[in-house]
Every structure is written in C-alpha cells, then in structure tokens.
Amino acid sequence: MSAPESAAPTRARVRFNPFGAEFRHDPYPLYQQLREAEPVHRTLGMWVLTRHAEVRGVLHDRSFSAGLIPTLVSRQAERLGHCSVAQIERLGRKSLVFTDNPDHARLRGLVNRVFTARSVESLRPLVARIAGDLMERAWRDGGLDVIADLAGPLPVAVLCEWMDLPAELHARVGPWTHDIRFLLEPGMMKAGDFEQVCAVVEEFAAAVDAVLPERRARPGTDLISQLLAARTGGGDVLTDEEVVFVCIMCFVAGNETTTSLIGNGTLALLRHPEQAALLRRGPESVEAAVTEALRYDPPLQLTKRLATRDVELGGARISAGEQILVCLGAANRDPAVFARPDEFDLTRTGGGHLGFGHGMHGCLGGLLAELQAQVAFEYLFVRSEALAARSDEFQWQDHSFIVRGLKGLPADVRRAR
C-alpha cells in the first residue's frame, strides 16, 4: 500500500495585538500580514479591517455608526460600578466626533461655517509666531526635543490663542486635554480614571462657559466669538453647551494627533535625508511632505464603527450590532492603491490617504493640523540646518492604542545661515 498523502501545510493564523510593544514600535509588518492573509479579521470581539477598499467603504457608509464611544463609556462605567458620568455622556452625545445624523449634520453645518479654508489660513502668522518663539530657544540652545519643545506645545498654544482663552488657563488646558482624551478609548479606563475625567470635564466646561457672556457682549475674531455667531439660513445656532463642547473637543481631537503628525513626519524625514532635501525646494514641497507624512505614518491609526445592519465585507458576514475596527495606518500602506507603499516619497501622486478619516466624520480640524505641520517642517528643515537625531533608538507612547506617536525626539539643530 502506498503511504497516505501528507496534508497540505496550513498557514498560521495572524494574531492582531495592538497592545504589544512590537506593534507600538512598528505596526506595519502586521498590517501587511493581515491585508494579505485575512483582510477582514475577527478578533477581540470585533472585526479588524486593513484593506483600503473596506476601510474607506465603512468610513463612507453612514449606516456604520460613530456613536459607539458614548455607549462604551456608559457600559464601562456601569461595569466598574461608577454611575456619575452624566457630563461625560453629554459631551459624547453632543460631540461631532461621536454623533450620527441628523444631529451630526446639524452640528457640522454650523461648525463648518467657522472652520473654513480661509479662516484656517488666516492663522498662519499666529502659528508661525508661536513656532518661531519655540525655535528661537532651540537655536539658542543648539538643540531641542522635537516633541516636548515644539510639536507638543504648538497645538495647545495655537488653540488657546485662537479661542483667546484667559492667560491663566493656558497652562491648565494641556493636562485637562490629556485626561479627557481617555474618553476616546474607554476600554483603557479604570475606576479612578472616570472620577478624574468627570472632574476635569466639569472644570474645563465651566472655564470655557465663563468666557461666553463677555464674547457675546463684545465679539471679536476669535474662535469662540465665531462659534457664537454661526447660524444657518434657517436661523439655527449652537447652544452655549454645544459651543463649550466644540471647544473642548478641538483640544481633545486636535492636540495629540497634531503633535504626533509633526513628530512622526520629522522622524520620517530624518530617516530619508534625500526627501528632506526635496522639502527645502519650496512651499509646495512642504505641503507634499505633510501629505506624505499623513499617509506614511498617520497619528490616528485606528478608529471604531458599529454596524447597524447585516452586511458583507471582503467575504465576511458582519451582523448588526458588531464592532468594527478600521485600520487607517494599514489602509494607507495598501499596494492596491499606493505604489511602493512602504517608501516615504514626497513626489508621490495619486491615491487618497485616510490619515484624516473619510466621509462625514472626516477630521474637522485637518486643515489646521496640516497648517501647523507645514510651519513646523519649515522651521525644522528650511529655516534650520544640521537637524540630526541624537539617537537611533526611539520610544513610542503607550497610553493609547489608537494614536501612534513618539515619546520624545531629541535632536541637534542650528539656524540656517
């Protein structure tokens, strides 16, 4: 008798672990494995999507709800025996980040009247002044930590000045924002975190609310005055609470992500000196550098949606009520959309990155984040010379699994002659 035929080798199943140190250091090899082996991957009680087509499709399809986070916050609070989360729930359910239509369309229609391309571009002198002040210290000292000394303080200072917040609040806004951002990842919150976040939301909201009467009486060109004045053709306006929550979420959604965009992009340019040389050729190259940074190593790597209907994605059947984790970082390296996806290339054309998401929940503050990164890159690579990292070893933050960013980036630098 002939020997039985050996069974065909089976491919080891890819394990998705966004909490591991290896993933934080470099998630892109795992993304590639998932795209090739199981682009619609079931794990950790959710579906993980890594191909550009499915990621973009879910973000574009309004039947996938973005209102999952407030529900998860409530469930986590109940599980931990903490029920005093009314203010947190209101922030979640009245925030552009977490609302679905018709509430989202109403809020977006009003806020879009303020966050226009023209209004954001008018902030360029402000951003340049703040970045210039920060870089003056770096040039004087001969070096800086790009994260701690530029990328970190820049977005907080820009928003504080655009809102014209009282000076005594400026130093408090950063810590407040860091605490509140944990609402974006309720699964990482412990019982004590809820108490801290509740207290901070109350304090932050009260501080912004105290500014409103003066702005209503003496409106200026600041963001708060513009939000109070925004109205639709039908006369709809933002309530005071909505104005307060818009301001808070500007910090929560736009602070750490902008910091990481500048940091991740700076590291990519330092690792690709030939691309840094291209950046110095003119303003259009600076814009290209920011766009490529958003594709190559985006700060927001992952975001969640909730299926509200049964649907088929990539051959998998997803039921209503199931959670979906869309991997923006993986989609941005999909070779079906981007040629040579693992190369950092300022001359790249075609293909739409998903670094700011897509669809109705595409990042409202994307233009402002791009502007700040453009100014930062100009100061670091055009107005400076000899920018060089002091080490080849880098640590990545570990307090978030959806945001990818460096803990620090010490570098030597001097002003360009």
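## Burial and the aromatic pairs

A residue counts as buried when its relative accessible area is under 20%. Trp 139 has a relative accessibility of 12%, so Trp 139 is buried. This is a predicted model, and a search of the whole structure gives 10 aromatic pairs.

One of these pairs joins Phe 16 and Phe 23. Its geometry is edge-to-face, with 5.8 Å centre to centre and 80° between the planes. Phe 16 and Phe 23 are both buried. Trp 139 pairs with Tyr 379: the ring centres lie 6.1 Å apart and the planes meet at 40°, so this pair is tilted. The two residues come from distant parts of the chain, 240 residues apart. Trp 139 belongs to helix 8 (residues 124–141), and Tyr 379 belongs to helix 20 (residues 366–382). Tyr 379 is buried too, at a relative accessible area of 7%.

## Ring cluster and charges over rings

Ring pairs also build a cluster. Its members are Phe 16, Phe 23, Tyr 28 and Tyr 31.

The charged end of Arg 383 sits over Tyr 379, 4.4 Å from the ring centre. Tyr 379 is the residue that also forms the tilted pair with Trp 139. The charged end of Arg 181 sits over the ring of Phe 182, at 5.5 Å from its centre.

Five strands form an open sheet in the order 1-2-8-5-3, and the pairing is mixed. Strand 1 (40–43) and strand 3 are the edge strands. Each has a single partner strand, so one side of each lacks a neighbour in the sheet. Helix 3 (residues 52–60) packs on this sheet. Helix 3 touches strand 1, strand 2 (46–49), strand 3, strand 5 and strand 8. The direction of helix 3 makes about 125° with that of strand 8.

Strand 5 (residues 302–307) pairs with strand 3 (residues 64–65) in the antiparallel sense, over two bridges. There, Phe 64 stands opposite Ala 307 of strand 5. Strand 5 also pairs with strand 8 (residues 323–327), again in the antiparallel sense, over five bridges. Lys 304 has Leu 325 of strand 8 as its bridge partner, and Arg 305 stands opposite Ile 324 in strand 8. In a regular strand, side chains alternate between the two faces of the sheet.

## Helix 10

How much of helix 10 is buried? Helix 10 (residues 153–163) is mostly covered, with eight of its 11 residues buried. The buried set is Leu 154, Pro 155, Val 156, Val 158, Leu 159, Cys 160, Trp 162 and Met 163. In an α-helix there are 3.6 residues a turn, so residues three or four places apart point the same way.

Asp 164 follows helix 10. Its phi is positive, near 55°.

## Cysteines

How many disulfides does the structure hold? The count is zero. A disulfide needs two cysteine sulfurs within 2.5 Å. For Cys 327, the closest cysteine sulfur is in Cys 363, 18 Å away, so the sulfurs are too far apart for a bond.

Is Cys 327 buried or exposed? Cys 327 is buried, because its relative accessible area is 0%. Cys 198 is buried as well, with a relative accessible area of 12%. Cys 160 is one of the buried residues of helix 10.

Methods. Residues numbered from 1 in each chain as written. Predicted model: local features only at pLDDT ≥ 70, side-chain atom pairs only at ≥ 80, totals over all residues. Heavy atoms only, no water. Buried < 20%, exposed > 50% of the residue type's maximum accessible area, 1.4 Å probe, protein only. Pairing = 2+ DSSP bridges. Helix = DSSP H or I, 4+ residues; strand = E, 2+ residues; numbered from the N terminus. Contact = heavy atoms within 4.5 Å. Axes fitted to C-alpha atoms, helices over the stretch in contact; angles between N-to-C directions. Phe/Tyr/Trp six-rings, centres within 6.5 Å; stacked < 30°, edge-to-face > 60°. Lys NZ or Arg CZ within 6 Å of the ring centre and 35° of its normal.
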